[in-house]
Amino acid sequence: MENPRLNTLIETLEFSQKLAVWYVSLLKEVDPYQRFEVNGMETNSLYWIIGHLAWAENMLILEGTFGESFGDANLAKFAIGEKHEIDAKLDFKKLKTLAREVHEKAIAHLRTLKDEDLNKPNAKNFGFGQEPTIQLIIMHAIRHLGTHTGHLSWLCKWNGIKTV
């Protein structure tokens, strides 16, 4: 098999993405803009989580591995530290389409890389306490997706949707 390390990372990212998409599919009847309060803190809405995941995939996978940025200004609204706002011009359906397109472009870009590229420095110089390699930024993208997939599972529970 050519590029077994890279293919394992891509397969893991896709496997994780499918779980996130499954949770989103379970939430199709809920208000995507609803936020819950937990211990006096307001949570992120489904809308914001989807936007944030798209922003992160663009930043970590596309930009972080020297791919071409997706180039949609809407993504910046979901960056770390941005205020949780709903953009009337970017409804939930459009946002989900944008997120899907970012993911497809990210996977297509990853398929252009080779195993030897994984040891090269990543474009963001993100190391998270380790060597800032392309492999590491891909692994962080998988970890980040998993964290927010957990948030999607909470949204299911808080909306009374059985998941298991």
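Predicted model: local features only at pLDDT ≥ 70, side-chain atom pairs only at ≥ 80, totals over all residues.

1. The core. The largest nonpolar core comprises 47 residues. Within it, the residues with the most contacts are L27, L46, L110, I138 and L152. Four helices each supply two or more residues to this core: α1 (4–26), α2 (46–63), α3 (92–110) and α4 (134–158). The largest contribution, 13 residues, is from α2. As background, nonpolar side chains in soluble globular proteins tend to be buried together.

2. I138 as an entry point to the core. Which residues does I138 touch, not counting those up to four places away in sequence? They are L6, L9, I61, T65, L110 and L118. Of these partners, L110 is also listed with I138 among the core residues with the most contacts.

3. N74, buried or exposed? N74 sits in the loop between α2 and α3. Its relative accessibility is 19%, so N74 counts as buried; the cut-off for that class is under 20%. The side chain of N74 makes a polar contact of 2.7 Å with the side chain of K77. Beyond its neighbours within four places in sequence, N74 is in contact with D87, L90 and L98.

4. Positive phi at N39. N39 is a residue other than glycine, yet its phi is positive, near 50°. N39 is placed in the loop between β1 (37–38) and β2 (41–42). With a relative accessible area of 77%, N39 is exposed.

5. Positive phi at F66. F66, also not a glycine, has a positive phi of about 70°. This residue belongs to the loop between α2 and α3, the loop that also holds N74. F66 has a relative accessible area of 55% and is therefore exposed, the cut-off for that class being over 50%.

6. Surface patch. Which residues form the nonpolar patch on the surface? V38, W154 and W158 do, and together they have about 280 Å² of accessible area. At 34% relative accessibility, W158 counts as partly exposed. V38 falls within β1 (37–38), the strand on one side of the loop that holds N39.

Definitions and conventions. Residues numbered from 1 in each chain as written. Heavy atoms only, no water. Core = buried A, V, L, I, M, F, W, Y, C linked by side-chain atoms within 4.5 Å. Buried < 20%, exposed > 50% of the residue type's maximum accessible area, 1.4 Å probe, protein only. Contact = heavy atoms within 4.5 Å. Polar contact = N/O pair within 3.5 Å; in protein donor to acceptor, adjacent residues only side chain to side chain. Patch = residues over 30% accessible without salt bridge, like charges linked within 9 Å, V, L, I, M, F, W, Y side chains within 5 Å. Areas by Shrake-Rupley, 256 points an atom, 1.4 Å probe, with all protein chains shown as cover. Salt bridge = Lys/Arg side-chain N within 4 Å of Asp/Glu carboxyl O.
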